[in-house]
Amino acid sequence: MLKNYLKITWRNLLRHKAFSFINIAGLAIGMASSALIILWIQNEVSYDKFHVKKDRLYEVYNRSVFDGKLWCWGTTPKVMGKILKQDYSQIEETARTSGTNFLFTVGEKHLNIQGYFTDPGFLTMFSFPLVNGNSKAALNDIKSIVITQKLSKKLFGDANAMGKTIKIDSNAYFTVTGVMKDLPNNTQFKFEYLMPWSYMKKIGQDDNYWGNNSIQTWVLLKPGVTEAQANASIVHVTKTHSDTKDIDQFLHPLSKWRLYSSFDEKGKVSGGRIDTVRIFSIIASFILLIACINFMNLSTARSEKRAREVGIRKVVGALRNSLIYQFLGESILISFIAGIIALAIIQISLSGFNQLTDKELFVPYSNPYFWVISFSFIIITGVISGSYPALYLSSFKPVSVLKGTFKAANALITPRKLLVVVQFTFAVVLIICTIIIRQQLQYAQDRDSGYKKDNLVYVMMTGNIGKNYQNIKNELISSGAATAVAKTSAPITQGWSDSWGYHWKGAPPDNKIDFNIYNSDGDLVKTMGLKIIAGRDIDPKTYPTDSTALILNEASVKIMGFKDPIGQLITQGEAKDAKVLHVVGVIKDFILQSPYEPVKHMLIQGPKSWFNVIHFRLNNANSTSNNLKRAGEVFKKYNPDYPFEYNFVDQDYAKKFGDEQRTGTLASLFAGLTIVISCLGLFGLAAYMAQNRIKEIGVRKVLGASVAGVTTLLSKDFLKLVMISFAVASPIAYYFMYKWLQHYQYRISISIWVFIIAALVTIFISVATVSFQAIKAALANPVKSLRSE
């Protein structure tokens with residue numbers, strides 16, 4: 001019997017090639033699209049879940065009120081990890097991580113590499129296995145270093161790196177005590193080497209100041225200790241060990257590190273990347289559902305063609321259950337064929353999808369669970385696709401069918417219309433959402449950054465750049481490579497520091513305002529292209545007292561309540577440790593951090609500060625390549641051991657839109673695929689509708705109906721369904737996009753034009769799809785269609 005069913009199914013597929021192609025193509029595209037999204041979702045939800053001790057791993061967070069709002073952040077004082085391990089019995093182990101960048105030299109190889117300073121416990125807390133070395137002892141020595149296999153390959157080729165020496169910067173030598181398996185792509189940790197915290201202390205970068213929240217602290221709870229118990233114990237760590245009495249601590253579990261990064265006004269987790277994961281989960285489900293609806297619609301549209309088969313089978317004794325199994329078997333076979341094609345589509349498109357999503361996704365062919373899940377996915381898709389047609393077709397009454405009194409069209413019109421409406425509703429929702437996401441992205445990109453990004457370059461101050469800064473600055477300008485140079489604490493596109501505890505005349509007694517902190521030694525306005533509103537730039541050469549000078553942005557002037565800010569004194573700290581700064585200028589607000597948020601109040605401090613970056617503006621009179629060549633020669637002259645590595649500010653600024661660009665591109669891609677799948681189904685339905693009404697069309701043409709009239713007659717029913725879909729989709733899309741936009745303080749308002757454009761696009765695509773078949777039917781010779789009458 002099974003062999004008979006398979007033979008009949010195969011014959012039906014070959015006999016109705018157009019129907020088979022549309023069904024298989026629709027299911028294959030739908031399955032491939034859903035599978036790609038599922039791979040992306042699986043990668044997101046699996047972040048750092050491979051750690052053996054994941055249920056006991058937590059990150060320490062701070063919580064306090066600033067500017068009248070509760071803030072939660074994941075950077076802590078450097079001393080906190082040591083105190084937690086020493087004084088709190090619920091904690092088994094702690095590890096601190098602080099990002100660092102050193103020049104690695106092995107022979108003639110010179111590489112600037114990103115890594116971490118960390119405690120020895122890091123390797124026993126987290127499951128980053130060593131292929132060589134002992135995890136428990138690898139970081140015990142102050143001059144030990146653990147490197148990844150990737151870095152080992154870069155430095156030593158295929159040779160065994162264990163025990164070999166690496167020159168760090170120009171004055172330290174480290175011994176490789178461990179080679180780590182390369183990090184998986186689903187971890188938030190990004191490093192190529194680990195160095196002991198004891199070396200960080202030796203070079204003067206460690207401190208015991210509780211106000212310096214600059215590193216991350218990780219804890220491993222003892223078995224049996226709950227998160228609530230640990231939180232109750234550590235909540236007042238800062239208050240207990242310092243003079244700061246308004247900052248609390250809590251633990252953020254590993255299971256929420258990746259997906260839950262937002263906190264509400266009560267300090268509770270309220271969302272984050274999980275919102276995007278949920279959205280794409282819905283998209284994957286609906287894309288697959290739309291492909292299944294295509295199968296349902298086309299199968300039921302062909303009901304009259306198969307009604308006689310069903311009637312004969314029932315007359316000769318076939319039970320309804322056997323017919324249901326037959327039709328389900330057909331749909332599952334089609335699903336298997338579509339699944340094979342979908343797998344090929346996935347393999348072909350995966351590299352492009354990885355570039356689009358900035359991930360390293362792969363199909364785990366060697367994992368038996370993959371094949372179990374894949375076969376289950378295919379079977380479930382086949383059952384969903386075939387369930388309604390199987391139940392419907394098997395319900396035919398053989399007497400009605402064989403007498404010729406059975407007419408399927410009237411009985412099926414409502415379910416089929418409903419399925420078409422569902423299809424196009426989701427397609428329209430995606431079109432509207434895509435347009436709004438693109439508008440929001442463009443709105444933020446068009447926002448005035450407050451400085452001139454073009455031809456602006458920055459270089460990190462490594463090696464001897466700091467002590468040779470003045471010579472480098474002079475020669476960059478004299479060589480014609482640059483027109484202005486400034487030394488700063490961070491790139492102009494990034495906020496590396498913030499602080500509170502500032503006092504000024506008229507400040508409220510309970511003042512607790514957090515300011516972005518930026519440092520400059522002079523020429524900042526000229527180099528960055530900032531706009532001075534009042535006063536002047538910091539200029540220590542002309543004004544020696546500018547070592548304690550301060551520039552405010554507009555937001556700072558507003559929150560401080562200054563009417564005449566120039567000359568105002570601002571004090572940082574308390575009593576004998578207080579630092580007095582004087583305001584010399586006010587600049588127009590510029591975007592340091594997110595372009596989607598209001599500009600935060602900022603203090604730009606003078607040369608009596610710390611510096612990490614050199615910015616310089618390239619000379620417009622020369623080509624970019626010529627300027628960079630000259631600049632490279634200058635840096636090589638004064639910092640010969642280090643490669644000349646530079647960053648363009650405009651490219652750096654563009655990275656701020658990366659997540660939204662990826663979301664918008666993915667939404668556009670899947671909206672397009674949804675439209676393609678829906679139109680495949682619509683095309684098939686239009687073809688069968690035209691075929692079923694071919695005699696009616698012939699009669700109408702004989703009676704004088706025009707091609708345009710027949711085309712309109714055949715198209716209008718589908719157009720009505722599309723308009724109903726648009727009416728249903730519009731409020732749904734508006735609701736979700738309104739909620740999505742609330743994540744951004746700097747956002748667009750949703751315009752009526754979005755819906756008009758979406759309506760026109762949908763109508764055009766659907767009419768174009770249906771019209772092809774309608775015009776083809778209208779142009780057919782009526783003599784051929786009426787010959788049998």
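Mentor: Contact means heavy atoms within 4.5 Å. Take contacts in the protein with a separation of 6 or more: residues 24 or more positions apart account for 78% of them. This is a predicted model, in which local features need pLDDT of at least 70 and side-chain atom pairs count only at pLDDT 80 or more, while totals for chains, interfaces and linings use all residues. Residues are numbered from 1 along each chain as its sequence is written, and side-chain values use heavy atoms, with hydrogens and water left out.

The overall figures come before the pairs. The protein has 24 helices and 26 strands. Both are DSSP runs numbered from the N terminus: helices are H or I with at least four residues, strands are E with at least two. Of the 789 residues, 49% are buried. Buried means under 20% relative accessible area, exposed over 50%, and partly exposed in between, with a 1.4 Å probe and protein chains only. The accessible surface is about 36800 Å², and carbon and sulfur atoms hold 58% of that. Areas come from the Shrake-Rupley method with a 1.4 Å probe; for residues, only the protein chains shown count as cover.

Now the interior. A nonpolar core is a set of buried Ala, Val, Leu, Ile, Met, Phe, Trp, Tyr and Cys residues joined through side-chain atoms within 4.5 Å. The largest one has 51 residues, and Tyr451, Tyr518, Phe590 and Ile604 make the most contacts inside it. Helix α14 (residues 408–445) gives the largest share of this core, eleven residues. Another core lies apart from it, with 39 residues, including Leu39, Phe353, Val363 and Phe370.

Next, the rings. There are 46 aromatic pairs in the structure. Rings of Phe, Tyr and Trp (its six-membered ring) pair if their centres lie within 6.5 Å; planes under 30 degrees apart are stacked, over 60 edge-to-face, the rest tilted. Phe126 and Trp257 make a tilted pair, with centres 6.3 Å apart and planes at 50°. This pair links distant parts of the chain, 131 residues apart. Phe126 is in the loop between α4 (122–125) and β6 (130–133), and Trp257 in the loop between β12 (248–253) and β13 (262–263). Both Phe126 and Trp257 are buried. Tyr365 and Phe370 pair edge-to-face, at 5.8 Å centre to centre and 85° between the planes. Tyr365 is partly exposed because its relative accessibility is 34%. Phe370 has 16%, so it counts as buried. Phe126 and Trp257 also belong to one aromatic cluster, together with Phe50, Tyr116, Phe122, Phe128, Phe189, Phe191 and Trp218.

Some charges sit over rings. The test asks for NZ of Lys or CZ of Arg within 6 Å of the ring centre and within 35 degrees of the ring normal. Lys512 lies over the face of Phe66, 4.3 Å from the ring centre. Over the ring of Tyr543 sits the charged end of Arg536, at 3.6 Å from the centre.

Side chains of opposite charge can pair when their charged atoms come close. Lys153 meets Asp158 at 2.3 Å, N to O. Asp158 is exposed because its relative accessibility is 71%.

Lys637 bridges to Glu475 at 3.0 Å, N to O. Lys637 lies in helix α18 (residues 624–638) and Glu475 in helix α15 (residues 469–478), so this bridge ties together parts 162 residues apart in sequence. Lys637 is exposed, at 52% relative accessible area. Glu475 has 22% relative accessibility and therefore counts as partly exposed.

Lys600 and Asp514 form a bridge of 2.6 Å, N to O. Here two loops are involved: Lys600 is between β23 (579–587) and β24 (602–605), Asp514 between β18 (502–504) and β19 (515–519), so parts 86 residues apart are tied together. Lys600 is partly exposed at 22% relative accessibility. Asp514 is buried, because its value is 7%. Finally, a network of salt bridges links Glu44, Arg258, Arg273 and Lys359.

Key:
Salt bridge = Lys/Arg side-chain N within 4 Å of Asp/Glu carboxyl O.
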